[in-house]
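Subject: Structure handover

Hello,

Here is the structure for you to take over. Please open it first, then read the notes below it.

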Amino acid sequence: MSQLIVDHVDVSFEGATVLVDASLSLERGEIVALLGASGSGKSTLLRVVAGVIAPDAGTVRLAGTDITALPTHRRGIGMVFQDNQLFPHLSVGDNVAFGLEMAGVGKTERRLEADAWLERVGLASLADRDVSDLSGGEAKRVAMARTLATRPEVVLLDEPLTGLDRELHDQLALEVAALLVELSVTAILVTHDHDEAATIAGRVVQMADING
Amino acid sequence: MNPINALPRRVLAALGVAPVVALLMFFFWPTATLLARAIDTEALSSTFGRRGTWNVVWFTLWQAVVSTVVTLALGLAPAYVVARFEFTGRRLLVAVLTAVFVMPTVVMGAAFLALLPDSLDRTAWAVIGAHVVFNLAVVVRTVGVFWERLPADIESAAATLGASPWRVFTTITLPLLRPALLATASIVFVFTFTSFGVVRVLGAPGTRTIEVEVWRRATQLGEIGEAAVLSILQLAVLGATLGWSSLAQRRHSRALDLEPAAVRRRARTGIEKRRVGLVSVTTALVCVAPLTALAARSFSTPSGWSTAAWTRLGRTEVRPGIRLGLDPIAALGNSVENAAWATLFAVLFGAIASLAIAASRRGGRMLDIGLMLPLGTSAVTIGFGMLITFDQAPFDWRAEWWLVPVGHALVATPFVVRTAVGVLRSVDPDLQAAATTLGASPTRAWLAIVVPFLWRPLAVGAALAAAVSLGEFGATSFLSRSGGETIPIAIEQLVGRTGSLLQAQGYALATMLAAITILLVVVVDSTGQMQQRTPPTRLDALPVDQTGRR
């Protein structure tokens, strides 16, 4: 049985149709790259899966359950946003610990867990740093750690490596790939970079092929 | 700009001199006089020795705190809806909120008097209710401007991490809005702490603010020293509040990537649609109800519904043969005359000052701040200061026709300057540079290029100045003389007469003033629209989505 199924989803904004009859399914542990031009609806599809946008028609199923009407915070689906969306009023450590706090994890445990995740992405000892002091690559790593710390079954990555210079981009692509495989999460990677897609994903899907 | 192409110093100095002299004469000198009168051990001890003083200070403080907290709490819902959603009637809702905000204080007081049942009239709750409705627009505007540019994705990010909508609001949205909330809170606090017109109409002996007490002791009891002490006490509280708020805002400001422009969307889900509908309709009703009650009560006379209050506006007989020492029709004439002069003064000085401010750096900044001060000082303080300063030859100007318009102009000039300086500063310096390469001297280039940009903001500023003058009550309460009553003064005197035809006449006058004010705001708003409607000059500024989509 597929882990995640997007089934015949339609989305339109004020008359402009973005998704028509879009369908996609992922097996457990599968990493799919979604390629397409800008404006082709890649981000919108991710937002439908995350529950940030409600589809006009169609369903989203997670492990056999229809989650189309489930609010975002109850879906257990993690998302790394294109521009990270780190919380500017919280320290690096508190950003990473945010999801754990929402899950009701105690303060000490949260702190330890966040430190462990920061170490895992190569940012040990940055926990007390202000997020505005991070470099572009560091901020990406914090965003990854923050999402993965909640142990989501499905992770959505919305152009997570856009805007980095080539060298850093390639290095981070390898790190992300290793991390996702190691945690054996199911993931959708939205990108327009073929190399990045090949490095991280096991299967590449063209947006034009799944969106009628 | 290269300093050799800058406007010559003598031109700048010539521009700056008139506003500086006027400011020194009519603002700083009276304020200094007030201070001198207040630093007097006898006045100090008699003021603070009175129990009444402490009651007034306590009431002023607690009603301002309660008004501020309630306004913020109730204003967040409309602020959210207006900032985040595009919906039919959105512009209208903002316009209604703005219309209420610019209502003269006396009109707002009269509207609440008309709206509330007699049992609530002249209570603290009436005063607080009026303050809250009055200032909702401050929350919607000040918080909304920030909220509409707060990236929605940051809230989505929190939701994907497991935060429920309520926790997203408390852990992400509220902390990020904090600087805007602090700014709003301090503005509303200052407005309600210095409330005068609303309290004069709705208050009772137990519900007097410091402002009202200053007026009462100065003009009714003749205790100038005590009134001066209270004025200075209030100035100190205002200064402390504004200082604290700017410090706090700096401390809480975050390096946050705001969206370059407002991001609004239509409500998509049923819950969203219901929420937007409920909040916008409720807000509109809350704003419209007092003004509707005002108009309705102007047709309600002791002998039932009639147009008597409107048709007999000129005849103010308390009983047959006994007249009220007041003529509403004459008040109308006085107000229009005052407004015409005040607008002329404000536009003239505002225009010159704006040109000077926009063209120079440090001196301009000083003048800018100086001209803003009267706005933060409270009109009562200005009127009172002028009253006790210009009472001796050769400066005995109490009977001069221009004293009231000058007081109004002091309060109105900042509105002219704010609109004009913004436009002048946005003039591309390259335009002036282009003119100089074509052979124009710096002064010629400035006259030919920069000055013509003034006309539209001046039209807006003039309408605002007229609205300010027509509704001005604080300074006028001190400066207007018997026979020279303005509409707000007449309204305050008439609505105090419960249940009579005179009260209905007060409501009629207030309705008229409300209508004129709304008309002026519509003029301002449509002029602003014209400015926005200039065609985009850069095609490459179009959003990618419009060209790149499929």
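**The antiparallel sheet of chain A**

Strand β4 (residues 57–62) of chain A runs antiparallel to β5(A), and two bridges join them. Strands are DSSP runs of E, at least two residues long; helices are runs of H or I, at least four residues long; both are numbered from the N terminus. Two strands pair if DSSP finds at least two bridges between them. Arg61(A) has Asp66(A) in β5(A) as its bridge partner.

A word on the source. This is a predicted model, in which local features need pLDDT of at least 70 and side-chain atom pairs count only at pLDDT 80 or more, while totals for chains, interfaces and linings use all residues. Residues are numbered from 1 along each chain as its sequence is written, and chains are lettered from A and ligands numbered from 1 in the order in which they are written.

Back to the sheet. It is open, has four strands in the order β2-β1-β4-β5 (chain A), and its pairing is antiparallel. The edges are β2 (16–26) and β5 (65–66) of chain A. Each has a single partner strand, so one side of each has no neighbour in the sheet. Helix α1 (residues 42–50) of chain A packs on this sheet. α1(A) touches β1 (4–13), β2 and β4 of chain A, and its direction makes about 115° with that of β1(A). Contact here means C-beta atoms, placed from the backbone, within 7 Å. Angles run from 0 to 180 degrees between N-to-C directions, and axes are lines fitted to C-alpha atoms, for helices over the stretch in contact.

**The parallel sheet of chain A**

Chain A also has an open sheet of five strands, in the order β6-β7-β8-β3-β9, with parallel pairing. Which strands stand at its edges? They are β6 (77–80) and β9 (203–206) of chain A, and each pairs on one side only. From one strand to the next, the twist averages 20°.

β6(A) pairs with strand β7 (residues 154–158) of chain A over four bridges, in the parallel sense. Met79(A) is opposite Leu156(A) in β7(A). Helix α4 (residues 136–148) of chain A lies across β6 and β7 of chain A. α4(A) runs at about 175° to β6(A).

**Backbone points to check**

Most residues other than glycine have a negative phi, and most peptide bonds are trans.

- Ser125(A) has a positive phi, near 75°. Ser125(A) is in the loop between α3 (107–120) and α4 of chain A. Ser125(A) counts as exposed because it has 10 C-beta neighbours inside 10 Å.
- Ser184(A) has a positive phi too, near 45°. Ser184(A) sits in the loop between α5 (166–182) and β8 (186–191) of chain A. Ser184(A) is exposed, with 11 other C-beta atoms within 10 Å.
- Ala393(B) and Pro394(B) are joined by a cis peptide bond, with omega about 5°. Pro394(B) is in the loop between α16 and α17 (403–425) of chain B.

For exposure, C-beta atoms are placed from the backbone: a residue is buried with 20 or more others within 10 Å of its own, exposed with 12 or fewer, and partly exposed in between.

**Chain B as a whole**

Chain B has 24 helices and four strands. Its C-alpha atoms fill a box of roughly 80 × 65 × 50 Å along the principal axes. Buried residues make up 46% of the 550 residues in chain B. Of the contacts in chain B with a separation of 6 or more, 81% join residues 24 or more positions apart.

**Where the chains touch**

The contact takes 26 residues from chain A and 28 residues from chain B. On the chain B side, α7 (152–160), α8 (165–193) and α24 (544–548) each supply at least two residues. Which helix gives the largest share of that side? α7(B) does, with seven residues.

Over to you.

Conventions:
Contact = placed C-beta atoms within 7 Å.
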